[in-house]
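Here's a quick briefing to read with the model open beside you. Have a look at the fold and then work through the notes by topic.

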Amino acid sequence: MPYRYTKLGWMVALFILLPSAAWAHTGAGAIGGFMSGFTHPLYGWDHVAAMVAVGILGAFLGRPAIWILPIVFPVVMAFGGVLGILGLPLPGIEPGIAISSIVLGSLIVLAVRPPLWIAAVLVAGFAIFHGYAHGAELPNAANPLAYSAGFVISTGLLHLFGIAIGELIRWPWGKAVARTAGGVIALTGVGFLTGVL
Amino acid sequence: MVLLALGLLLGQQTPSTIRPSLALYILSLGSALVLTRFLPRFVQGELNLLILALSLGLLVILKLRINLALALTLSICAGVLIGLDSRVSALPGLGASKIYLQLAGTAVSASLLLSLLTLFSFYLNKLLNGLAVRVLGAWITAGSLMVLALFIHSLIKANPA
């Protein structure tokens with residue numbers, strides 16, 4: 001077996017040593033907090049749409065946007081989160097989140113390629129709304145640190161999923177798939193803004 | 001969070017930096033776990049862990065090839081802080097042997113987890129120029145910053161003076 005496959009085999013074998021069936025208290029404490037944080041972004045479709053859109057847009061714009069946008073979003077989002085934790089008033093949170101899906105989805109579906117700084121400012125502006133919503137929910141979590149760790153991994157994976165969709169533009173059919181995904185995201189945003197979803 | 005961030009950061013380094021860093025981490029973690037039996041409870045351990053996770057997350061985003069001394073220092077800090085924050089609760093009737101067994105279990109799982117995360121990050125770095133690792137680093141930074149803000153806010157609320 002080649003050396004790199006041997007290492008991969010070891011990695012898989014070591015992961016098997018962490019069986020969830022052996023966890024005694026799965027519904028509370030750190031594990032409960034982690035799972036709650038991990039599943040939270042997956043159930044909030046308004047957030048899922050925006051996270052995936054940022055990934056697709058980054059891939060659509062190419063380098064360096066492919067890594068700058070998915071990094072700008074969470075870092076600025078954290079500042080929005082701090083505003084939420086401190087309870088500082090910020091109007092139009094829910095409409096702002098819905099509009100983020102509409103704008104980012106529209107940029108993808110129309111294949112608009114704004115300059116990097118405009119894309120970064122747009123993404124950063126919308127990140128404030130998403131962060132505020134998450135920050136306001138964080139104090140209610142049973143274990144904020146575990147909740148945050150689960151939340152971080154889950155949303156990071158959503159960005160990567162978006163980037164993977166965006167990477168499909170290398171093929172002609174992939175461009176259609178990515179733009180269709182952008183259309184679905186924009187429509188989802190319209191649905192949230194109008195209260196249909 | 002610290003383990004994830006340190007694993008991602010070490011995975012961005014060369015094997016010659018990874019090996020001594022992992023070894024020193026395991027050594028410092030083990031020593032700190034044993035010290036929990038003799039030292040008083042470590043105050044504000046979570047605050048220090050959050051600050052360390054935030055710093056590690058920022059280093060992951062920057063994707064710097066850090067020098068060996070810094071990698072070793074960060075590994076020791078992580079091992080000591082995680083170890084001191086993993087005290088076994090003193091329950092009536094819990095023998096010393098059971099306490100040491102629990103501490104050994106903590107050491108094994110925390111070491112195994114960091115090794116796996118480092119290996120995972122090392123291979124993930126070959127994908128899309130290490131983009132995935134940097135994105136995860138950004139989310140760790142964001143998560144740590146938010147929980148840190150919450151922590152400080154709670155402290156200020158608890159002690160308004």
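**A loop proline, and the ground rules**

A:Pro64 sits in the loop between helix 3 (45-61) and helix 4 (65-86) of chain A; helices here are DSSP runs of H or I with at least four residues, strands are runs of E with at least two, and both are numbered from the N terminus. The peptide bond leading from A:Arg63 into A:Pro64 is cis, with omega near 0 degrees.

This is a predicted model, so to speak of local features takes a pLDDT of at least 70, side-chain atom pairs count only at pLDDT 80 or more, and totals for chains, interfaces and linings use all residues. Residues are numbered from 1 along each chain as its sequence is written, chains are lettered from A and ligands numbered from 1 in the order in which they are written, and side-chain values use heavy atoms, with hydrogens and water left out.

**Chain A overall**

- Chain A comes to eight helices and zero strands, and from the N terminus its elements read α-α-α-α-α-α-α-α.
- Of its 197 residues, 46% count as buried (under 20% relative accessible area; exposed is over 50% and partly exposed is in between, with a 1.4 Å probe and protein chains only).
- Take the contacts (heavy atoms within 4.5 Å) in chain A between residues at least 6 apart in sequence: 84% of them join residues at least 24 apart.
- The mean pLDDT (the predictor's confidence in each residue, from 0 to 100) of chain A is 79, and 86% of the residues score at least 70.
- Among the elements of chain A, helix 5 (residues 93-109) has the highest mean pLDDT, 90, while helix 1 (residues 3-16) has the lowest, 68.

**Where the two chains meet**

- Chain A puts 40 residues into the contact and chain B puts in 28.
- Together chain B and chain A bury about 3100 Å², with 87% of it on carbon and sulfur atoms; buried area is the accessible area (1.4 Å probe) that two parts lose on being put together, summed over both.
- B:Leu116, B:Trp139 and B:Met146 account for 25% of the area that chain B buries against chain A, more than any other three residues.
- On the chain B side, helix 3 (45-62), helix 5 (96-124) and helix 6 (131-158) are the elements that give two or more residues.
- Helix 6 of chain B has the largest share of that side, at 16 residues.
- By class, the chain B side has 23 nonpolar, three polar and two charged residues; Ala, Val, Leu, Ile, Met, Phe, Trp, Tyr, Cys and Pro count as nonpolar, Asp, Glu, Lys and Arg as charged, and the others, Gly among them, as polar.
- Across the interface of chain B and chain A the rule finds zero salt bridges (a side-chain nitrogen of Lys or Arg within 4 Å of a carboxyl oxygen of Asp or Glu).

**The salt bridge**

- Over all chains, the structure holds one salt bridge.
- That pairing is between the side chains of A:Arg170 and A:Glu167, at 2.4 Å from N to O.
- A:Arg170 counts as exposed at 58% relative accessibility, whereas A:Glu167 is buried at 16%.

**Helix 1 of chain B**

- Helix 1 (residues 2-11) of chain B is mostly covered, with 10 of its 10 residues buried.
- The cover for those buried residues includes helix 7 (144-167) of chain A, along with helix 2 (15-35), helix 3, helix 4 (68-84), helix 5 and helix 6 of chain B.

**Loop residues to check**

- B:Ser86 is in the loop between helix 4 and helix 5 of chain B, and counts as buried at 19% relative accessibility.
- A polar atom of the B:Ser86 side chain lies 2.6 Å from the backbone oxygen of B:Ile82.
- Leaving out residues up to four places away in sequence, B:Ser86 touches B:Leu33, B:Leu103 and B:Thr106.
- A:Ala111, in the loop between helix 5 and helix 6 (116-137) of chain A, has phi near 55 degrees, a positive value in a residue other than glycine. A:Ala111 is partly exposed, with a relative accessible area of 30%.
- B:Lys63, in the loop between helix 3 and helix 4 of chain B, has a positive phi too, near 50 degrees. B:Lys63 is partly exposed, with a relative accessible area of 31%.

Definitions and conventions. A polar contact is a pair of N or O atoms within 3.5 Å; within protein, one must be able to donate a hydrogen and the other to accept it, and residues adjacent in sequence count only if both atoms are side-chain atoms.
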